[in-house]
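Subject: Structure handover

Hello,

Please find the structure below, followed by notes on what was found in it.

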Amino acid sequence: FFRTATRALLAPSALPCAPPTHFSNTYSFFTPVSRPFSSLTESTKESTGIVGLPVSPNPKAELTKACNDTLKSIAKHTPADWNYRVQLEKVINERLEWINSVKTLEELEEKLDMQVEECIDELIDEVSMHPTLAEMQPWNNQMHADKSWVPDDFEEFIPPTEEEAAAMEAKEKEAATPSS
């Protein structure tokens with residue numbers, strides 16, 4: 001009885017949420033992935049150790065797809081000269097170079113400084129943010145030109161000119177020397 005009840009509880013239809021859809025359609029969230037490691041095309045990990053983040057059965061292909069999707073999305077939604085886009089494209093292109101240059105999954109994860117699955121999930125989140133960026137247009141500085149968002153008690157620091165800095169330095173020296 002216990003085995004039957006446990007199987008019924010673990011059946012996909014009994015779960016409150018659907019398995020993640022961003023990995024390949026052939027992967028079952030409930031099937032442990034454990035194959036001999038040969039290259040970046042397969043994973044030997046049984047778990048990512050992160051709740052809700054399944055092991056990618058084909059890390060190289062999925063990470064490459066996520067990187068390419070991110071590049072297409074940022075190009076579609078933002079201007080080419082926006083600094084955020086330029087920096088993001090550099091990071092993504094560097095990751096694509098790593099994917100093609102490393103031999104093992106462990107090497108890639110060491111270069112990424114995170115698990116491949118985390119990187120894929122991060123890139124999916126990045127792509128989902130791009131339509132909002134296009135709507136808000138943070139590259140357009142006219143949005144808050146009136147500085148209405150600045151608190152009333154905020155004092156902007158304006159650096160002193162060279163002459164003012166020299167005068168302040170002279171005053172500090174005078175104050176530091178003992179008068180006789």
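Contact here means heavy atoms within 4.5 Å. On that basis, among contacts in the chain between residues at least 6 apart in sequence, 56% join residues at least 24 apart. Please keep in mind that this is a predicted model.

Overall make-up

The chain has six helices and zero strands, so the order of elements from the N terminus on reads α-α-α-α-α-α. Of the 180 residues in the chain, 26% are buried.

The H2/H5 pair

Helix H2 covers residues 59-77 and helix H5 covers residues 116-136; the two pack with their axes 9 Å apart, at an angle of about 15 degrees. Because angles under 35 degrees count as roughly parallel, H2 is roughly parallel to H5. The crossing of H2 and H5 is left-handed.

On the H2 side, the residues that meet H5 are Pro-59, Glu-62, Leu-63, Ala-66, Cys-67, Asp-69, Thr-70, Ser-73, Ile-74 and His-77. On the H5 side, they are Val-116, Cys-119, Ile-120, Leu-123, Glu-126, Val-127, His-130, Pro-131 and Ala-134. Sorted by class, the contact of H2 with H5 holds twelve nonpolar, four polar and three charged residues.

One of the residues in this contact is Ser-73, which is found in helix H2. Ser-73 has a relative accessible area of 8% and is therefore buried, the limit being under 20%. Leaving aside residues up to four places away in sequence, Ser-73 touches Val-127 and His-130. Both of these partners are listed on the H5 side of the contact.

Cysteines

Which cysteine sulfur is closest to that of Cys-67? It belongs to Cys-119, at 5.7 Å. A disulfide needs the two sulfur atoms within 2.5 Å, so this pair is too far apart for a bond. Cys-67 is buried, at 0% relative accessibility, and Cys-119 is buried with a relative accessible area of 0%. Cys-67 sits on the H2 side and Cys-119 on the H5 side of the helix contact described above.

Loops

- Lys-45 is placed in the loop between helix H1 (2-10) and H2. Its relative accessibility is 16%, so Lys-45 counts as buried. Lys-45 and Leu-105 are 60 residues apart in sequence, while their C-alpha atoms are 9.9 Å apart in space.
- Asp-113 lies in the loop between helix H4 (105-112) and H5. Asp-113 is exposed, with a relative accessible area of 70%. Asp-113 is not a glycine, yet its phi is positive, at about 65 degrees.
- Gln-137 is found in the loop between H5 and helix H6 (162-176). With a relative accessible area of 34%, Gln-137 is partly exposed. Gln-137 is not a glycine either, and has a positive phi of about 50 degrees.

The reason for listing phi is that most residues other than glycine have a negative value. Asp-113 and Gln-137 are both non-glycine residues with a positive phi.

Regards

Note on methods:
Residues numbered from 1 in each chain as written. Predicted model: local features only at pLDDT ≥ 70, side-chain atom pairs only at ≥ 80, totals over all residues. Heavy atoms only, no water. Buried < 20%, exposed > 50% of the residue type's maximum accessible area, 1.4 Å probe, protein only. Axes fitted to C-alpha atoms, helices over the stretch in contact; angles between N-to-C directions. Helix = DSSP H or I, 4+ residues; strand = E, 2+ residues; numbered from the N terminus. Parallel < 35°, antiparallel > 145°, perpendicular 65-115°, else oblique. Left-handed = near helix turned anticlockwise from the far one by under 90°. Nonpolar A, V, L, I, M, F, W, Y, C, P; charged D, E, K, R; others polar.
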